[in-house]
Amino acid sequence: MSGIVIVGAGECGTRAAFALRETGYSGSVTLVGAEPHLPYERPPLSKPMNGTVQMKLICAEDVLRAAGIDYIKGVSASKLDVDARTVLLTDGRLLPFEKLVLATGARPRKLGCPGAERALDLRTHADAQALFASVGPGRSAAIIGGGLIGMELASVLRGKGVAVSVIEAAPKPLGRAVPPRFAAKLHARHIAEGVDFHLDRGVSAINDDGVLLTDGNIVRAQVVVSAIGVMPEITLAQDAALATGNGILTDTHLRTSAADIFAAGDCAAVSQPGGGHIRFESWRNARTQAETAARNMIGSPEAFAAIPWFWSDQYDLGLQVAGLPQPEHQSVVRRYDDGELEFYLDGGRLVAAAGLGFGNALAKDIKLSEMLIAAGVRPDPAALADANLNLKALLKSVRAA
Ligand SMILES: Cc1cc2nc3c(=O)[nH]c(=O)nc-3n(C[C@H](O)[C@H](O)[C@H](O)COP(=O)(O)OP(=O)(O)OC[C@H]3O[C@@H](n4cnc5c(N)ncnc54)[C@H](O)[C@@H]3O)c2cc1C
């Protein structure tokens, strides 16, 4: 029996394999991964504990074996034949499939300037090992890109005594995914920690001295890191003539344009009820889409409707964002001793929440906020701003009603 093949053994592909078993699927499950390791988590790569890069495994080999998941590592899928229902691997094997999951993730976006090849990336465990081996106290690093990965890396490198510069093309760092209130607070913290920002500047070249900026200045650095975002890994799908755009296009059930082929995780751009496709790049999204795809493959159809959520750790601060805050939303701020929550209301309805606080201090209330968002509450903004309002009690009363 040809069973289900999953291409990509990151968070999403691996979770999909286990989710298939959890749904009771007993056919063969083959997980193909290009990297030479057991499946591992990426978030710890930019949050090394005690200064050392961790390889946090998603599962051990015997756990894969016990679940009857055939894991082929260090091998890529090089060709997908949609009509023949086969996947060709780089080692020459041809895998037939009944159903296929594309969980090919994303790869770092590359700089286009002279000397771009000198810049290090941070996507894989090998990247993290190379990067952290090249820095230490008294060294200098220029990080190109003031997004989440760049800013997390800046905080880790400052903790290691590295002189850090961040170069960002936009006028402010963290402008894409982080609500402005918290982006500004994190920016201020980085400045206080001694990070040197070069905002609103492009990169002309990278050379022996460091990074030459478009304004003619040079940012001197011994190590240059490119953290300018990722591109969805869609080559396999594109070559097989599946519908693609900013990702492998899927319907709301995570089905691609080809029958019995699903896509999930960082590589998937999912159709939205209001039109268009959205691609998320977060750990939880990779897991929840994997679970939805698995359930849809074994025939209990459900639309993907999870509330987006991500976190980021910088210095001793923890950021969490649930939902998709938009500038036009009404903002309600709730202050705690150890942080702040900001709620976002759309026409009176709670649609998103974000929090920034020391460590994990706000995790419980963010979780409750997520549940309130899912419940579609229309809270009184003044009451919401009052830290004495117990969110658990509010949720209970909404559910009772
Ligand atoms: C340094 C770092 C820190 C992060 N921190 C956070 C965080 O704090 N919070 C958060 O929410 N998210 C974070 N993320 C994002 C999160 O890790 C990703 O969203 C998640 O890993 C996506 O999982 P995925 O399985 O879809 O893709 P990936 O993790 O990219 O896995 C895809 C896998 O498929 C393999 N592959 C690709 N093509 C083929 C092929 N043709 N054949 C075989 N294999 C193939 C790739 O080699 C890769 O191993 C972080 C990411 C990075 C890089």
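**Close-up views of a predicted model**

View 1. Ser46 sits in the loop that runs between strand S2 (29–33) and helix H2 (61–66); helices (H or I, at least four residues) and strands (E, at least two) are DSSP runs, numbered from the N terminus. This is a predicted model, in which local features need pLDDT of at least 70 and side-chain atom pairs count only at pLDDT 80 or more, while totals for chains, interfaces and linings use all residues. Residues are numbered from 1 along each chain as its sequence is written, and side-chain values use heavy atoms, with hydrogens and water left out. Ser46 has a relative accessible area of 4% and is buried (buried means under 20% relative accessible area, exposed over 50%, partly exposed in between; 1.4 Å probe, protein chains only). Apart from neighbours within four places in sequence, the contacts of Ser46 are Leu122, Glu152 and Val156, where contact means heavy atoms within 4.5 Å.

**View 2. Helix H3 and its packing.** Helix H3 covers residues 125–133, and His125, Ala128, Leu131 and Phe132 are buried in it. These buried residues fall within an arc of 125° when seen down the axis of H3, so they line one face of the helix; the arc is that of the directions from the helix axis to the C-beta atoms. An α-helix has 3.6 residues a turn, so residues three or four places apart point the same way. Helix H4 (148–159) and strand S15 (223–226) are the elements against which the buried residues of H3 pack.

View 3. Leu174 is buried at 3% relative accessibility, whereas Pro171 is exposed, with a relative accessible area of 55%. Phi of Leu174 is positive, near 60°, in a residue other than glycine. Most residues other than glycine have a negative phi. Leaving aside neighbours within four places in sequence, Pro171 is in contact with Leu199 and Asp200. From Pro171 to Ala188 the separation is 17 residues in sequence and 14 Å in space, C-alpha to C-alpha.

**View 4. Leu254 between two strands.** The loop between strand S18 (247–250) and strand S19 (261–263) contains Leu254. Leu254 is not a glycine, yet its phi is positive, about 70°. The relative accessible area of Leu254 is 0%, and the residue is buried.

**View 5. Surroundings of His329.** His329 belongs to the loop between strand S23 (317–322) and strand S24 (330–336). With a relative accessible area of 12%, His329 is buried. Beyond neighbours within four places in sequence, His329 is in contact with Leu324, Tyr344, Leu345, Asp346 and Val351.

**Setting of the views. The chain as a whole.** The chain that holds these sites has 10 helices and 26 strands. Its radius of gyration is 22 Å, close to the 21 Å that the globule rule gives for 401 residues, so the chain is as compact as a globular protein of that length; the radius is taken over C-alpha atoms, and the rule is 2.2 Å times the number of residues to the power 0.38. Along the principal axes, the C-alpha atoms fill a box of roughly 65 × 60 × 40 Å. Of the 401 residues, 50% are buried. Among contacts between residues at least 6 apart in sequence, 60% join residues at least 24 apart.
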